[in-house]
Amino acid sequence: MSYRITLSDTSESFEAQAGEPLLEAAERAGFPLAHDCRFGGCGACRVKLVEGTVEYEEFPFGLTEEEAEEGYALACQACAQSDLTISAKLLPEGYIAPDFHVATIERLERLSHDVIHLELRIPSASEVVFHPGQYLNVMLDDGSPRSFSMASPHRGELFDFHIRRVPGGHFTGRLETHYQPGDTLDVELPHGNFRYDTASPRDLLMVGGGTGLAPLKSIIESLLDDADRPAIRLYWGVRRAEDLYLDDQLRQWAATLPNFSYVPVLSEAGPEWDGRRGFVHEAVCQDFDDLSAFDAYLCGPPPMIAAAKSSFSQRGLDIERIYADSFNFTHELEGSVA
């Protein structure tokens, strides 16, 4: 059995087989639906169901219950149960397909007890259009990828990353013991649809968890020389004070940059901490009853993303103006099937 999937914006259509994810069917038919992780974690392939119904083998953690109730679905996991009419984003104009390159480790240094600054030199990628917020894949010997977001805007041959060491991690756990400057890595780039919407006039609400700060920092730095940049409110959530690996720099920005504010939030704060406590999305909600004037950029672990989406939409922030990049470290663990 097959179903007819119609794009509401253009009236073009394609067929999807029963049990076939919409994204796979669209790609088979030549329709470049926006997407990223393909396993239901990031939400980049979100579509709006205008007519018809879908089902999931397992409800994806990149979609909140509130989004599903409003008619949204994730194309990489959703399978049609009827003919559908959907509103969907296509890959952006000028989309550049990822390609493979050889990177040389330029620098490895500790930023904190468990975060490493990795700087790569990739001569063959110096002219690649790599948008702040995007990421690359480091390809391991077995062919499996490890994804890391850029922590600063593209600087010719140089690329910056903040990498948290995952205990037992195939790659991150060996960064300081196995790798050193001069070593080479196979990488694939550019990846990701998480990027700043230059057409929007709204102020920016940026919420990061842990090393989810990296792509937010990349976007912020890309705007520093823009005299017309919007106001930026950055909330950074970590567990303990020792995890605030760029606290000094962010406080310096807050003290010197107009229309930039920074709020660190600790979920496991010790008695010596006199700042904000709790979960980072809760701090935002304590400060704002109405978020309708913002565009939100969220980056961190899936539970943080889900909680923030739900809370922010209840405070008037349109789901379509919540951009999210969900970090998942499960694949890094020893014994992982990934």
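**How we know what we say about this chain**

Reader: Why is the chain said to agree with a compact globule?

Author: With 338 residues, a compact globule would have a radius of gyration near 20 Å, and the chain has 20 Å, so the two agree. The radius is taken over C-alpha atoms, and the globule rule is 2.2 Å times the number of residues to the power 0.38. This is a predicted model, where local features need pLDDT of at least 70, side-chain atom pairs count only at pLDDT 80 or more, and totals for chains, interfaces and linings use all residues. Residues are numbered from 1 along each chain as its sequence is written, and side-chain values use heavy atoms, leaving out hydrogens and water.

Reader: What makes a residue buried, and what share of the chain is buried?

Author: Buried means under 20% relative accessible area (exposed is over 50%, partly exposed in between; 1.4 Å probe, protein chains only). Buried residues make up 51% of the 338 residues.

Reader: What makes something a helix or a strand here, and how many are there?

Author: Both are DSSP runs, numbered from the N terminus: helices are H or I with at least four residues, strands are E with at least two. The chain comes to 6 helices and 19 strands.

Reader: How do you know that β10 and β11 pair?

Author: Pairing needs at least two bridges found by DSSP. Strand β10 (residues 135-139) and strand β11 (residues 145-149) have 5 bridges, in the antiparallel sense. At one of these bridges, Met139 has Pro145 in β11 as its partner. The hairpin has 5 residues between the strands, and there Gly143 takes a positive phi near 90°.
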